[in-house]
Every structure is written in structure tokens, then in C-alpha cells.
Amino acid sequence: MVEHADIRVVRRGGSKINFRAPVVTSDSKFLLCASGEFVKLYSTTTEECIQELRGHTDLVTGVLLNPSNHLQAYSSSLDGTVKLWDFTDGILIKSYVVGHPIYAIYASANHKGAIFIVTPGSKNDHFQLMALHLPQTGDQVVEGLSLSAVFQDVCSSPESIAFGRGGEFIVSIRGLLLEVYFFKKEKTYSFSLKRDNKKGGKNTFTCVACHPKDDLISTGHEDGKIRLWRNFNHKKEYTYSTLHWHHNAVSSLCFTPEGTTLLSGGVESVLVQWRYNQESQKDFLPRLGGAITHVTVSPDGSLFCTSHVDNKITIIQSCVKVSAVIQGLVKGESVATDLIVDPRSKALVLNGKPGHLQFYSLQRDKLLFNLDIVQQEYIHESGLLQFEVVKATFDAAGKNLATVEERKQKATEWEVNLKLWTFDEQTQSFVLDTTISAPHEDQITAVCFGPTVADHHAAMLVSASKDGHFKAWQQTLPPTHSKGTDIDEGPSWACDFVGSYHSLAPQCCDYSADGSLLAVSFREVVTLWSPATWELLTTLSQPPGDIRHLCFGQLSCSKYLLGTTEKNLLCCWNLLTCSLEWSTSMDVSLLLHDPLSENMAAFCSQDGCSDLFVFKPCEPRPLFCQKAVCLGKVSRAVFSPRETIQESCDENCQWLNRSQLYFLSQHMDLMTFITKAEERRLMASNKQLAIDDTVAMTPFQLLLGQQWREGDSLAPGDNPDTAERLQLPQGSAAIKELLQTPAHVLPSATFLCSMFVQSLLISVTDSSKPKQTEEEMESEKEEEGSSDEEEMETGAARAKRLEESKEAEPAVPTLTRAQARELRRVKKQERSWLCGLLDR
């Protein structure tokens, strides 16, 4: 099988916004951050995403402001390019092709025409800092760039390199080594520390920052200490002092623009402010909600920004007050609840903060709200056993939500709670209906709701457990109370049936599309039950191997049941014949169906990577397959319905028309698939600014406005003078270039003045004389006796005008040619003699 190049794996929605340190614009109104393959522009006041800069084809690894223009920004990516953006208008200005993956990017105002990037070195796992010289050229894509090495061996983390005072030197940390390179002297000084000090501390460097105005280097270490280095331009005379407040590794350091304060952050979720030259005086901003990964300051020093491990950016005013919080998709080390789509809001639902479920809009790429499931205060302490949400599922209508939370009591004992929630229309959230303590004697392995039946309003939930039983929970609706009763009872849940099979532990369960069958797997056996009578209908045999996944077909393929085994088999049973339809040898790590089509997706593990196969149970040939979609195993994925249905005609892409497939990689990156046609549409939206057709035509728009297609006919009622002026040089290559160039980088107004004035002039050859003159000439021709052909043309035009005037004013009588000629002659007569009569 050959993979299809029309579909690409990308990061869309839910990407990390804490991957790199955010950048605050010069006016402190906006914030730039790397997010997957995008650069996002957020408002620091409203927290809304203003722009998405699209252009990179791989992970964005760095963002920084252009030192020469505060309205532009550079971005680097693993796709081997550096791009220059006008971030306010979302326009890509230039692309510099390096040809190697870029892991970090730096710039200094004193090094004009050059930026510094971190690229892979000659050896494996080695990186080097290179100076990238940017040529002055008008090309939008620049290749063949000049690179020069600054450091041969550096860390790929952006926190490990910093520029010194005025860009005179640059500092790099790696392990226990500190290196300082002076550009003018072209000399490097190296300083090393011992692995452990006498008190048992860990001296490994973790981050570095330089004072903006003094020769001072600040470094953070694994033991929580901060060292301030001085006299480092003399290797034998260098000194350093030590600051210590953090009890664990210092993750980030940053000086304010004036150098009066040093900011530090770590796992304590506390922003520490150290007074320069008065380090004993420090201020704290505690309880920021998560371990700090990055600390940055706006160029004017009015805002501080902290990035956190829970994919959050906190914007802090310089007076130590949180002013805004930008929350991304929270992704921990694992997602126990799987990926679920809320049928109501179409939001992605999964584990969020400890003890919570997060509802995240993939379309808006924004967190909607958190639902507190455990409803207990979470204590941040390692080794403390607390409740965790491990299962969650919705019914088909999204009215009911079932969650499972568990906490380990002893080595083999678990405390388990099953909670049932109902959606409240008034609060637009879920409220707790029923809490079932100890629903099973052991851990719950699977939960699923039965399909909603039109004539049966009560919901049905099935839970399977390692205790060897599966239970059916029936929702009981509140009785109708008599008038005047104050009792207000909500729906409740009760156990309707307990099933088992030869004392085996059930592993997974699934309902058929019409709700007439329930499939429960017990080790190597698949059992089929009737939910109406809870009768065991039949069992399905298959080759040895415990069942890992069960999944019914949808729509026209609802007669099929698919399952995967630990013996690397994918089996398909025909429920009409109760026989094995087909099977194939595949190491399937995840199997799921698309609720809007017959398509099914299977992720398979092979050679340390995951492959994707999309197929229909009724057809042996896959609709789509792609090798190595990501590294490691894929264990969490979901089909999310699209807001608008795609109209792809390619057979290989039709499975993405109604739904979009999302999955989590082993590094907890949310990935999806995108077609080339869809990607071109997204890219095109960032290349030009759309102009509303309803905006009135102005002379400036005639020069730089939207282009009129050649051959477009003039609409009735349009001014022919305007139509002639529209044929001016706005369709030329120069004007097209102006349309794609930001206003602040255009030439001066004096340069454009001649072109603008020329566009206002009317050509001599144009038929743009006043209408009155044309009528006089036409009248003279008619009086002198023009040719028959001219008279026919004039008569046809006149008849057309008369017909239009009839429609507008039906009461006006029709004039003959002689009457019209006499009327024009009377209009031209001299009437100044009437003034004398009026004076009398």
C-alpha cells in the first residue's frame, strides 16, 4: 500500500502555547506565542486570539520582534525556514530558507541584518549556534543564505542562550559549563562548576539571563539557586554571588528593561522579584496555578508574562496583579478518559486540571469551561493518593454524562465512584444527579450509554468491571406530583441488571447503532445480549487472544462487529450469520468509528511508529492509509464533526468530508489530518486583506483597491466614466505587489504621488465629454442629415432610453424624433431678454 500525499498530519487546535516564551509587543497590547504550526496573536486585555499567522509546515520553535521594526516579527520552525511577518495585518513578508531544522531564534539591535539560530550539529544530539545574515532583497523567498558559527556545542533550549549588554557578548550554558563570547574581541571565556557542592546541591545550569545595562550574568540551577556572575571578561578574576529561595530547579530568569528587577520562576507557581543590588528585598506573586516554565517582560516594562505547565499564559501588571489569563488545552502526562466529543457543543472533552473535565472548542481553539468532577480540593504533594477521573462518556443527545473516579486505597483495593450528570439548560452546564459509591468491587474497565430511543425517554448506562460483572443502570424519571406539592425531585439511577460469563472479567462493551444489541467481551469471548430482556443471545468465537477493542459498524455497515485482540488480529463478524466475515493480522493499538459515516479508523504500531488505516467493514480495501503518522503508539483519538461539510471529490479524501480525525501523540500533541485543498484555502486567507464589496469607490481604491476582472460588463446604471477609470494600471504587477505590502514598509508618499495623480486623470482618447456636448453633436448631425446607419443606431439607443423611462415613469408621454429635435433646439435658445420683462 502506498500512502496518499494529498493529506498531511498537522497540529490544528489545542496546540501548546507554553512551548516557547511568549513575546509582548512594544505597545503591550498584544502577545505573540508559538502554537503548533502557527504563531498566534492574543490581546493582552480581552484574552482573545486576534490573528493566526499561517505559513510554516512544521512545529514553530521561536518568535521574536524585529529589532528594526516593532510592527514586524520573526518566527522559526522545524521546517527549516525563518519567516518575517507583519503580525498586525497577518501578512507574510519574507521567507528565509535555511534548509535545516531550527530549534531556537535570537536577535539583537546591535547586530543589524543578522539573526541567530540554533541548528543541528555535525554529531547526533549536538546543536550549534549560527549567525544568519539576511540579505537586502525584494524577493519574497530567499535562499542561499550565509551562515557563520558562533558556538559549536549548545543546548536546543532557548533558555540556555542570552545576549549581554547592548549585544556586545552572548552567553551559552550547557550542563556545568558557562561560555561567554565577545563579538569585538572574537574571544570566548569558559567557566565550569563542580557537579555537586559540599552541601549536596546540584549545580547544573537550567537557564540564563543578562542584565540589559551592566556586565552581569544571572544563571539558574537545578538546586534552586541563582548565581550572579561579574568580571567574566577576566577568567581569573570572575566572581559570583548566590541567591536562594526556590526549593527546586529554577526554570526561567528575566530582567526588566531597565534592569532594576530580576524575575524568576519554578515549580512553586510563584513569581519572585529580586531587587537589583538589593537582593535581600524581594517580592512574591504566589498561587499562579501551575509550575512556571517561562518568564518574559514587555519592552516598556508594564507587563510580565508567565507560561505554565498546564498550557496557560498569565499576564501580570507590573504592580504585581494578574490582569488576564490565556488558557490553552490542558494536557498532562496521560489522558485517562479518552478523547470525547460533547454532542451539544461539539467540544473536545478530556482530563483537564486534577479532578476536572475540560470542554475545549477545537473550532475556536479556546477553552470553554472546566467541570469539577471530584469536587474536592486538590493538594499538590508528590506521593499523596487522591481521586482521579478515569472514565467519561455522553449519551447520544448530550443530555447525560457519566464519569468514573477512583483512588487507590491499598495494593489491591480501589475506592470507586460512579457519577451521573444531567445538562441544565439554565446554567448551560452539567449538574450532578446521582453518586453511586462502590458501583463495583474492583476497577471499572468500560462504560457506555445506550442509543436514545424515540419512544423511551429513560437512559441506559452499562459499566464493566474487573470484578467479573457488568451492570446496567436504568434512569428513573421523577413521578408527576399533584398540584401544590413542593417536592422537586430530579431523575435518579438504579441498577437494572447484573451480567456475567463464566466468572471471566469483562474488558470492553459497546451498543449497536439501533440499541438492539449489547456486545461485552470476556477475555477471549464476545457475548451478545438483548437490552430489552437481558438475554444472552449468542457468543462469537475467534482465534486465541484477549479482546482489546469492540466496535459496531454504523449506518449501512451496522450489521458488522469489529474487534482487536492481543494476538495482533483485527476481526470482523457478520451479525446476520454470526460468523467471522474476515480477519487480518495487524497490531491495532486503537480502533474507533466515525458516527457520521460507515468509516472506521485503526491505528497500528510498527517499528516504533503508528500507521493509520481508514476502511469500511464491508470492503476489504482500505479507503486511506498513511505510514508513520507519529512516533510511538496512538492510544487516544476521536472523530469530531465539522461545522461545514467539505466537498472533496477525491476518493482518498472523502472520509474527511463530514468529520475530522484528531489523535494524541506520545508527546501529548493533538494532531489531525488536513487535505491540500483545505490547506491552500487557509493559506490564501493570510496572503491578502479582504476588501468589502459594499465599500464606496474612492480614487485611492482605484489605485490600490480590489482588481476588476477583464471583460466584466458594466452593470445597468453604472457611470461609464468610472468604468473607464477602472482600466487604469491597478492590474499591473507593481500594483499587485503594493496590495501585498504592509503600509508601513511602502515607499514615501512623494514616490507614489505621481502614480496616484496619474490615476485621477482622464485620458484624451476616452469618451468622457459631458453628456450635453454629446447631445448637441448628435443633434447637429441629425439636422445636417447623417447616414441611415447612424440614425438607426441613435434611434435604437433612444428607444432603449425611452423604454427605461417608461418603466420608471409610466405617465410621461412618448416623443417622436421631430418633437425631441425641436425640444433640444428650444433648450439652446437665448433667454436673457426675459430678464428685462421680469424687471418691469
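The count of aromatic pairs in this predicted model comes to 34, where rings of Phe, Tyr and Trp (its six-membered ring) pair if their centres lie within 6.5 Å. Planes under 30 degrees apart count as stacked, over 60 as edge-to-face and the rest as tilted. Two of the pairs are set out below.

| Pair | Centre to centre | Angle between planes | Class |
|---|---|---|---|
| Phe359 and Phe430 | 6.1 Å | 25° | stacked |
| Trp655 and Phe673 | 5.9 Å | 65° | edge-to-face |

Phe359 in strand E33 (residues 356-361) and Phe430 in strand E38 (residues 429-437) are 71 residues apart, and their pair links distant parts of the chain. Strands (E, at least two residues) are DSSP runs numbered from the N terminus. Both Phe359 and Phe430 are buried, that is, under 20% relative accessible area with a 1.4 Å probe and protein chains only.

Trp655 lies in the loop between E55 and strand E56 (659-664) and Phe673 in strand E57 (residues 670-675), so this pair ties together parts that are 18 residues apart in sequence. Trp655 is buried, at 3% relative accessible area, and Phe673 is buried at 0%.

Ring pairs also join Phe470, Phe497, Tyr501, Phe522, Trp529 and Trp534 into a cluster.

Residues are numbered from 1 along each chain as its sequence is written. Local features need pLDDT of at least 70 and side-chain atom pairs count only at pLDDT 80 or more, while totals for chains, interfaces and linings use all residues; side-chain values use heavy atoms, with hydrogens and water left out.

On a 1 Å grid over the protein atoms alone, a pocket is an open set of points with protein on both sides within 12 Å along at least five of seven lines, a cavity is a set where a 1.4 Å probe fits but cannot get out, and lining residues have an atom within 4 Å of a point. Grid points are joined across faces, edges and corners, and a volume is the space filled by probe spheres set on them.

The largest pocket holds about 1800 Å³ of space. Its lining has 48 residues, with Leu339, Ile340, Thr393, Asp510 and His593 nearest the centre. Among the elements that give two or more residues to this lining are strand E31 (340-341), strand E35 (388-394) and strand E43 (506-511).

The whole structure has 2 cavities of 30 Å³ or more. The largest cavity has a volume of about 40 Å³, and its lining includes Leu228, Phe255, Trp274 and Glu279. Strand E24 (261-266) and strand E25 (271-275) each supply at least two residues of that lining.

Notes: Helix = DSSP H or I, 4+ residues; strand = E, 2+ residues; numbered from the N terminus. Buried < 20%, exposed > 50% of the residue type's maximum accessible area, 1.4 Å probe, protein only.
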